[in-house]
Each structure stands twice: as C-alpha cells, then as structure tokens.
Amino acid sequence: MESLVQTMIKSRSARDESAIRNYPLLLKRYARLLDVSSELVSTLDQATLLQHIAEVARELTNSEASSILLYDPQTGHLYFEAATGPLKEGFTRSAVPTDDSIAGWIFTNQEPLLVEDAKADSRFFADIDLQTKFFTRSILGVPLQTKDKTIGVIEVLNKEQGTFVEDDQLILRSLAAQAAIAIENTRLFQQSDLIAEMVHELRTPLAALLAAAHLLQRPDLVQEQSTKLSQTIFNEVQRLNEMTTDFLELARLESGRAKFE
C-alpha cells in the first residue's frame, strides 16, 4: 500500500513539474489565440477564412497537418473545405460520411475526440489518406458549434513531437468556438450585405469577449494575465454598448421616428 502511495505521489509530482515547465509556452499559445480572434472576424471571404483557421489550428497544436470539414444538410455529409501541410497538396473537396468516420462521430456526438492510433480505429475513413498520400497516425478533433447547431469539425493530425495532450484539446476547442462564429459571419455576409455588416461589427468584440472568458476559466492563470483579460472584457463591453446605441439610432432614422440633422 505504501509503495502504491509513493508511486502516485511521484506521478503527480512529475505532472506538476511538466505543467510548470510548459507554462510559458502555454501562455504564448493563448496570447496567439487572442490575436487570432480579431483576425478571424475581420475576414468575410469564407475560403480565405477557412484556410486561415486550418493554419492556426496546426500552429497552435504543433501538428503535421490540419483540416476543416463543414456539414452539408442537403447531402448529409461532411466535406473537406480547407487543409494544411501535406494534406493541402492533394486536397480536394471530398465527402466524408457522418455515420462511418471519426469526423462524423465528433460531429454527431458534438464532443471532442482523440484517437492515438487512427489505423486501429474502426471509424477511421482511410480514403483521404489514399487520395492525398498522407499517413495519419493520430487525430485530435473538436466540433465547430454555434449557439444552436453544429456546423462542422476541426481536425489536427500527427503531433510533431510527443502526443496530443489535454492542453491541445482545450486550445483547439477555444479556437473552434471563435471559428464557428466567424464562419457563420461569412455566411450571413453572403446572404445580406447590410445585415451581415451590422452582425460583423457586433461579433468582433464578442469574439474577443469569448476568448477572454475561456482563458479566465483556467485555474492556473497568473494574476498579471488575469488583470489584462479583465481589462479586455471591460473595453469590449464598453465598445458593444457604444455600438448598440449607434445601431438603435440608425434603426430610428430608417423607421422615420427620428430626423437626421
């Protein structure tokens, strides 16, 4: 019994030391994520946006490749819309079934999934490796979710060094939360330029608020970073308040209830 307790203590100490050692890198990754939030919501071309999201996902998780799949309700399939690394070279808008693939499982269950040995997983959809001549070892995927629906999946493949860990999943989920908003933003823009412009202006500060809120939930966040994030939230709330006032004035002008001077 004593030996088991000592082993557990040593194991926990090793994890703590690893967390302390990797903390500067973790802060750097989240700082990059904050920068990305404004980049995403300022891009209104969907193809450009999706490619940028895929590149950032690969960068933040230090992976060999990444991809974005979006759901098409008319066909009931997911489709590859962007890819990076070796996947990009043989990339085509290939269909992936939702009922017999790892991406499909993530989409259907609306949960993240880490598969350390892709080839041994019965859900692995091998057609993409055959098309791109890419060798998938491991997959980490998270759903792209808006408030009321799941629109697709982000996947990163083959960690460059070591294996995917919990922090990789957390940062990918944070990116996915911002990405889903940005993707919906581009779709709205395609439907209605005027409405999309108003929504776009509102979602810029909302994306920053979402990123800051995600980071503030981390129990290991240092006080300095916490103070900066709190200031970011305050500034963006002030910005939202000013913008909503402007939009209300515009609505009054358009309805004829107020006159422009």
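Phe107 is buried, at a relative accessible area of 12%. The model is predicted.

**Aromatic and charged side chains**

- The number of aromatic pairs comes to 1.
- Tyr71 belongs to strand 1 and Phe107 to helix 4 (residues 102-109), so the pair ties together parts that are 36 residues apart in sequence.
- Tyr71 has a relative accessibility of 28% and therefore counts as partly exposed, whereas Phe107 is buried.
- Trp105 has the charged end of Arg123 over its ring, 5.4 Å from the ring centre.

- Six strands form an open sheet in the order 3-2-1-6-5-4, and the pairing is antiparallel.
- The edges are strand 3 (95-97) and strand 4 (113-115); each has a single partner strand, so one side of each is left without a neighbour in the sheet.
- From one strand to the next, the twist averages 30°.
- Between strand 4 and strand 5 the antiparallel pairing runs over 3 bridges, and Leu113 is placed opposite Gly141 of strand 5.

**Helices on the sheet**

- Helix 2 packs on the sheet through strand 1, strand 2 (77-83) and strand 6, and its direction is at about 140° to that of strand 1.
- Helix 4 also packs on the sheet, where it touches strand 1, strand 2, strand 3, strand 4, strand 5 and strand 6.
- The direction of helix 4 makes about 135° with that of strand 6.

**Nonpolar cores**

- In soluble globular proteins, nonpolar side chains tend to be buried together.
- The largest nonpolar core here has 33 residues, and those with the most contacts inside it are Ile53, Ile68, Leu144, Ile154, Leu172, Leu175 and Ile183.
- At least two residues of this core come from each of helix 1 (2-41), helix 2 (46-61), strand 1 (63-72), strand 5 (139-145), strand 6 (150-159), helix 6 (166-191) and helix 7 (193-216).
- Helix 6 gives the largest share, 8 residues.
- Beyond its neighbours within four places in sequence, Ile183 contacts Gln46, Leu49, Leu50, Ile53, Leu70, Leu144 and Ile151.

Notes:
Residues are numbered from 1 along each chain as its sequence is written. This is a predicted model: local features need pLDDT of at least 70, side-chain atom pairs count only at pLDDT 80 or more; totals for chains, interfaces and linings use all residues. Side-chain values use heavy atoms; hydrogens and water are left out. A nonpolar core is a set of buried Ala, Val, Leu, Ile, Met, Phe, Trp, Tyr and Cys residues joined through side-chain atoms within 4.5 Å. Buried means under 20% relative accessible area, exposed over 50%, partly exposed in between (1.4 Å probe, protein chains only). Helices (H or I, at least four residues) and strands (E, at least two) are DSSP runs, numbered from the N terminus. Contact means heavy atoms within 4.5 Å. Rings of Phe, Tyr and Trp (its six-membered ring) pair if their centres lie within 6.5 Å; planes under 30 degrees apart count as stacked, over 60 as edge-to-face and the rest as tilted. A charge sits over a ring if NZ of Lys or CZ of Arg is within 6 Å of the ring centre and within 35 degrees of the ring normal. Two strands pair if DSSP finds at least two bridges between them. Axes are lines fitted to C-alpha atoms, for helices over the stretch in contact, and angles run from 0 to 180 degrees between N-to-C directions.
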